[in-house]
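Work through the two exercises below with the sequence and the coordinates open. Each task is followed by its solution.

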2 protein chains.
Amino acid sequence: MQEANTSISADTVIEARCVIPVEPYGAVLNDHSVAITGDRITAVLPRAEMRRRCKAGRTLDLSTHALIPGLVNLHTHAAMTLMRGLSDDLRLMDWLEKHIWPTEARHVSAQFVYDGTLLACTEMLRGGVTCFNDMYFYPEMAGRAALDSGIRAVLGIVLIEFPTAYASDAQDYLRKGLAMRDELKSEPMLSFCMAPHAPYTVSDRSFEQILTLSEQLQIPINTHLHETRDEIRQSESKSGMRPIARLEKLGLLGPGFIAVHAVHLEPAEISMLAGLGASVAHCPSSNLKLASGIAPVGAMLSAGMNVGIGTDGAASNNRLDVFAEMRLAALLAKAASEDAETLPSHVALRMATLNAAKALGLEQKIGSVETGKCADLCAVNLASIELSPCYDPASHLVYAAGREHVSHVWVGGKLLVEEGRLLQVDEKAVARKAIEWQSRIAASNQVGHQSDHDQR
Amino acid sequence: MQEANTSISADTVIEARCVIPVEPYGAVLNDHSVAITGDRITAVLPRAEMRRRCKAGRTLDLSTHALIPGLVNLHTHAAMTLMRGLSDDLRLMDWLEKHIWPTEARHVSAQFVYDGTLLACTEMLRGGVTCFNDMYFYPEMAGRAALDSGIRAVLGIVLIEFPTAYASDAQDYLRKGLAMRDELKSEPMLSFCMAPHAPYTVSDRSFEQILTLSEQLQIPINTHLHETRDEIRQSESKSGMRPIARLEKLGLLGPGFIAVHAVHLEPAEISMLAGLGASVAHCPSSNLKLASGIAPVGAMLSAGMNVGIGTDGAASNNRLDVFAEMRLAALLAKAASEDAETLPSHVALRMATLNAAKALGLEQKIGSVETGKCADLCAVNLASIELSPCYDPASHLVYAAGREHVSHVWVGGKLLVEEGRLLQVDEKAVARKAIEWQSRIAASNQVGHQSDHDQR
């Protein structure tokens, strides 16, 4: 709360048609302005009052725009963007075993991860995403790409019980992940997350170590969980337990735990996760595309669970588009619960911002437009024909707008996207790198040359 | 087939990175060009051959683009675009009875339909849609708007058994619809369709008349059918029959019949519809948003049914975006059938083009890029960061691209969209009209002013 008579100075004031701060829930602040000083939001005030009280270095007239918190992508494998559309319309195990894993075995390297993550950051920033939670090999290179692009990132300390180019065994994964954290922990735009791949690829012993480390380092744990029915069946036949029961027994589930996907949960499991304060990363496009199923998000929300939204990797989506995921989450939950009132637009916006921030332990810093928080902001131009007329900006953001309507993006007070153009990243250089990788990967996979038919 | 040595003259030659003609199925013609003469496609040839053989008035270099048939929106209520986002997240009957019908009763007029349809045409053209099948009041005004925008349209001769501002009773609806057809039947860009609203709002007697007219005029019939479980329950308790059985008994089902929505079909009903050669207009966003359910599209396709894609109206979508519907249809069908191989990208493209054209009886004129067909074309720029890398253009069109990547659109050989800009429609005037209607509708509905919260 600012005193009504004090004057304010700010680096930038954004005058918006409306600010949707996400906190408090449901608020739409018409004709409001946001002041940014350094990396922080320093005031949110009615436009007239801001003009009266605030001296700003720069004033931005976004009078046809909605200003919202930057979107937070709660689950992705950013570097996999280099495999976007490499293989589609395939059953999960064919997709993984015949396409994704062989391609990764041939190509994944530190450079692959840097180039792929920079491509992902470019796409995400232009689509209004200001923070992403990554799970992939060579997280130090993902961190470098994030820093170079200006986006905020949560880097996974990844573990999988088989050797890759990145690491040889569980201890090697942890050693490298911890070294990565030591190297990058002073970077204000980076934080960290324990990222064991999945119950079917991580041993009890490794999970125990991960739990200890997460408590020591005070960072969350995220893992793929109950993504497919097969995963659950295999666990039952191997250990006599559903994967979630196994993790519960190991003590992993709690406020610092993020269940990624959680497509197949029984009502008792939903109650348990909600009761323990765990979060879910809902990735609807990927769950549909791999035919995994439809997560019971309506029931999760009714149980009071914290549910955020993720894109998953571009190999199974094939976009890193949180606007598309918000819309799909809102639409799917209605049909799945047979109730059109499920997951209204303000809930979708909250899932894609504050809920995801909370899951990552970042809710004090980001996820809403509030004085004192980091200035991670996204402006959406509502003046487009596709968004006309506009009775309710929140509805339009979820159901009608796309990431193409994002005009400006700030991360930590820094303007990174202006009228759709990236200011910090050399987009053309990023695109050139993508094409280089495409040639290399297509040559080794003998794809990329579609059937050529003669003119009939 | 062109003779290999003849020379060709053309008004325009489009040199594309690839042409995806839709027919034959699955073809991707890399480095091909399309020649347009008058309103027709006059050649589809490898780029080098076209350069050697063809003298063109204009040659367009679209060397980073995929060229596809213009998309066909198989079901919409175009004028309802003026009610986009007016009321969301509501149960169907609340939505209809408390919001949509009262608003229509207050506002729908000839001018409303003209302005709303022109807005819809503007949105659709910019999104690559070159033909739409409309069901709404004052179809002559929808036709005028379509003609003014340059888009191709199929106008519904609408019938509903209650009075509206447009017509007083069943006979009045038919009289007005037939007069509309007489007035507009010489327009090459317009055709017609019988459009009884739904089994629960149309009597047996009216359906019989509609069948007779459809046979006399040689035009298809489309009606909302099995959209919700309630519709089926009510029919069973009223007539002892499911709606589809009632229409079958009346003799409506056949190659000229389009079942709109068809969310709830039993396997025997799918076999019957497929066996009779009927089509389905699949509207996945609307079906999810109104919590109607998920249509069994995988089973329909397996049964050999002709399934096209529609957006429904912008009041229940809230976009007229066939790209979004293609993606959603492809994703949903995989999860619903628990098989990621269901509805691959080339099928989605076909549903949104040739299948929809076939349902409307227009498959000889439009729906594919073939010599002799009308030059209804859509170019999608694949050079964007969001579409990098690109291993498979068809995959990208369905899973990664959005309508924002549409650069050029032709209808009947006429270039209507160039680098995303509309050439024939005054976009600003259309937007101004939308805002006028918004003010009028919001004032009478007391919406459009969201809760205003003070700064905390």
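The model is predicted: local features need pLDDT of at least 70, side-chain atom pairs count only at pLDDT 80 or more, and totals for chains, interfaces and linings use all residues. Residues are numbered from 1 along each chain as its sequence is written, chains are lettered from A in the order in which they are written, and side-chain values use heavy atoms, without hydrogens and water.

**Exercise 1.** Determine whether A:R319 is buried or exposed, and find its polar contacts with A:D321 and B:A400.

Solution. 
1. Locate the residue: A:R319 sits in the loop between β13 (306-309) and α12 (322-337) of chain A. Helices (H or I, at least four residues) and strands (E, at least two) are DSSP runs, numbered from the N terminus.
2. A:R319 counts as buried because its relative accessibility is 9%; buried means under 20% relative accessible area (1.4 Å probe, protein chains only).
3. Beyond four places in sequence, its contacts (heavy atoms within 4.5 Å) include A:E123, A:R403, B:R327 and B:Y399.
4. The side chains of A:R319 and A:D321 form a polar contact of 2.7 Å. The side chain of A:R319 also reaches the backbone oxygen of B:A400 at 3.3 Å.

**Exercise 2.** Which helix gives the largest share of the lining of the second largest pocket?

Solution. 
1. At least two lining residues each come from α2 (92-107) and α7 (229-239) of chain A and from α12 (322-337) of chain B.
2. The largest share, eight residues, belongs to α2(A).

Terms used:
Buried means under 20% relative accessible area, exposed over 50%, partly exposed in between (1.4 Å probe, protein chains only). A polar contact is a pair of N or O atoms within 3.5 Å; within protein, one must be able to donate a hydrogen and the other to accept it, and residues adjacent in sequence count only if both atoms are side-chain atoms.
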